[in-house]
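Work through the following exercises with the sequence and the 3D structure at hand. Try each task before you read its solution.

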Amino acid sequence: SLASFGGRRYTRGIMGNSAFTEPGGERYFEDYVAGSVHELGTVRVEEDEAIDFARRFDPQPFHTDPEAAKETVFGGLIVSGWYTVSLMMRLYAGRYLSSVSSLGSPGVDELRWIKPVRPGDELSVRVSVLETRRSRSKPDRGIVRSLIEVLDRRGEEVMSMRAVNLVLRHPER
């Protein structure tokens, strides 16, 4: 099935080998289980949106000019890695983070752009919960460390990121 966010259409992902037991609006720290893997769905990379993004935020010829990009080492237009992160974030925020318990993130431990992404590519997002631990200083929350992988339609990794999120604990658990 499809979902729509901000005019874009995303396929709904089927959660992986350890599905969340609670929907996003009811998910708390205890619902993020170390070792679980979650498939968040797919998104198609649209050329006009990628070029508009790059013109504004990453104005390099191989991101903004299809003709000039043919003369680069990439042999054609590639999308900005930051645009790829933005596409990933839409799925991550909408399907992985909880609207009731997410307290934001102090940052990411690493971000890698592994393969160029091109207009027309269909990307999927997979999140593996690496570690969870309760906060020692603030007992109402926990820390969730996750590996986020962005894959092309062949299942090859094009981007990865290790994220750290602060998540409220359930008030009754």
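**Exercise 1.** Decide whether Glu-149 is buried or exposed, and find which residues Glu-149 touches, not counting residues up to four places away in sequence.

*Solution.* Begin with the cut-offs: a residue is buried under 20% relative accessible area, exposed over 50%, and partly exposed in between, with a 1.4 Å probe and protein chains only. Glu-149 has a relative accessible area of 12%, so this residue is buried. Finally, look for contacts, meaning heavy atoms within 4.5 Å: leaving out residues up to four places away in sequence, Glu-149 touches Ser-124, Val-125, Arg-126, Ser-128, Glu-157 and Met-159. Keep in mind that this is a predicted model, in which local features need pLDDT of at least 70 and side-chain atom pairs count only at pLDDT 80 or more, while totals for chains, interfaces and linings use all residues. Residues are numbered from 1 along each chain as its sequence is written, and side-chain values use heavy atoms, with hydrogens and water left out.

**Exercise 2.** Determine in which strand Leu-147 lies, and which residues Leu-147 is in contact with, leaving aside its neighbours within four places in sequence.

*Solution.* Leu-147 lies in strand β6, and its relative accessible area of 16% means that Leu-147 is buried. Leaving aside the neighbours within four places in sequence, its contacts are Arg-126, Val-127, Ser-128, Leu-130, Ser-160, Met-161 and Arg-162. As a further step, locate Glu-131, which is 16 residues from Leu-147 along the chain, and note that the C-alpha atoms of the two are separated by 9.7 Å.

**Exercise 3.** Examine two residues of strand β5, Val-127 and Arg-134, and list what each of them touches, beyond residues up to four places away in sequence.

*Solution.* Strand β5 covers residues 122-134 and contains Val-127, which counts as buried because its relative accessibility is 0%. Apart from residues up to four places away in sequence, Val-127 touches Ser-36, Val-37, His-38, Leu-40, Tyr-92, Tyr-96, Ser-146, Leu-147 and Ile-148. Arg-134 also lies in strand β5, and, with neighbours within four places in sequence left aside, Arg-134 is in contact with Phe-29, Arg-141, Gly-142 and Arg-169. For the C-alpha distances, take Val-127 with Arg-162, 35 residues apart along the chain and separated by 9.5 Å, and then Arg-134 with Arg-169, 35 residues apart and separated by 8.4 Å.

**Exercise 4.** Find where His-170 lies, and decide whether His-170 is buried or exposed.

*Solution.* His-170 is found in the segment after β7 (157-168), and it is buried, because its relative accessible area is 19%. Not counting residues up to four places away in sequence, His-170 touches Tyr-28 and Glu-30. The C-alpha atoms of His-170 and Glu-26 are separated by 9.1 Å, although these residues are 144 places apart along the chain.

**Exercise 5.** Describe how helix α1 (residues 47-57) and helix α4 (residues 81-95) cross.

*Solution.* Two packed helices are described by the angle between their axes and the distance between the axes. Here the axes of α1 and α4 come within 9 Å and cross at roughly 120 degrees, which means that α1 is oblique to α4. The cut-offs are under 35 degrees for roughly parallel, over 145 for roughly antiparallel, 65 to 115 for roughly perpendicular, and oblique for the rest; axes are lines fitted to C-alpha atoms, for helices over the stretch in contact, with angles from 0 to 180 degrees between N-to-C directions. At this contact, Glu-49, Ala-50 and Phe-53 in α1 meet Trp-82, Tyr-83 and Ser-86 in α4.

Terms used: Helix = DSSP H or I, 4+ residues; strand = E, 2+ residues; numbered from the N terminus.
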